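Good morning, colleagues. Please look at the sequence and the model on the screen while I go through a few selected features.

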Amino acid sequence: MKLNYTFSGFLYIKPEDDCIAIVDAMLATDYNEEFCIAQDFSPAFVKKLMEAGFLVMAADFPQKNEKSEYILLPKLHLERSALFFENLHIKKSIRRFLNSAVYGYMLYPNRDFERIVNRCIEKHGADWLVPPLVECIKKIRQKAGEGEEGLMLPAAEAFPSSFALYRNGKLVAGEFGVVCGNVYTSYSGYFDEDNAGTVQIILTARYLQEHGFSFLDFGMPMNYKTDLGAVDISPAEFVRLFRGQ
């Protein structure tokens, strides 16, 4: 397979390319960039990227006439943060909040998807969650059927989904991501109350473990993820685990 590169040295992926073969080539050639470049926002192509192991991001590059030009940035992290459930670490200071009878936290998988996506954008901005990517993710979900509210299971094909954390009937935290195979990849999350974000992640990890997932893919390493027990793994190790090998 012929690999295509931009003038600046980034791999350029076309809709007709074999995305899995692209990942294999990136690993074989020690491609030292995290991002590739693509321009097609069709749901079928973005879904192919997700199923190859890319975390699909995007960006807006305004032109001289100030008109937006959006590009896709499929990302295969040089270091990937992965939470293997046996390593989940819960600080003593947070354990009491997990008592739902006292604090009223309840986690609902596959619920409030669009509301959570919109709230993430409100909280963090649209630097990479640009409008055409958001619409594409929604279309992938709609085409697959939105699934059963309150249930998320491993799926052979990429399926955008969400986790909603309620406290006493109010949505206080949430995140959305993509299920593919036995892996759930977190894309973005938010919280509106202290401790709610941490509670949501812990309950999400527990749910994934109980429902047959292999690990929680956090994407980019960050300190709070490490504090929860996540470890940094190489692209090759991530791809091996992502493919269930």
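I201 is located in helix α7, residues 196–210; helices here are DSSP runs of H or I with at least four residues, strands are runs of E with at least two, and both are numbered from the N terminus. This is a predicted model, in which local features need pLDDT of at least 70 and side-chain atom pairs count only at pLDDT 80 or more, while totals for chains, interfaces and linings use all residues. Residues are numbered from 1 along each chain as its sequence is written, and side-chain values use heavy atoms, with hydrogens and water left out.

With a relative accessibility of 9%, I201 counts as buried; buried means under 20% relative accessible area, exposed over 50%, and partly exposed in between, with a 1.4 Å probe and protein chains only. Leaving aside residues up to four places away in sequence, I201 touches E175, F218, Y224 and L228, where contact means heavy atoms within 4.5 Å. The C-alpha atoms of I201 and Y70 are separated by 31 Å, and these residues are 131 apart along the chain.

I turn now to the aromatic residues. How many aromatic pairs does a search of the whole structure find? The search finds ten. Rings of Phe, Tyr and Trp (its six-membered ring) pair if their centres lie within 6.5 Å; planes under 30 degrees apart count as stacked, over 60 as edge-to-face and the rest as tilted. The ring centres of F97 and Y103 are 4.8 Å apart and the planes are at 55°, so this pair is tilted. F97 is buried, at 10% relative accessibility.

F176 and Y187 also form a tilted pair, with 6.1 Å from centre to centre and 45° between the planes. This pair joins distant parts of the chain, eleven residues apart: F176 belongs to strand β8 (residues 170–181) and Y187 to strand β9 (residues 183–191). F176 counts as buried at 1% relative accessibility, and Y187 is buried at 9%. Elsewhere, ring pairs link F84, F215, F238 and F242 into a cluster.

Finally, consider R111. Its charge lies over the face of Y108, 4.2 Å from the ring centre, and R111 also lies over the face of Y166, at 4.6 Å from the ring centre. The criterion is that NZ of Lys or CZ of Arg is within 6 Å of the ring centre and within 35 degrees of the ring normal.
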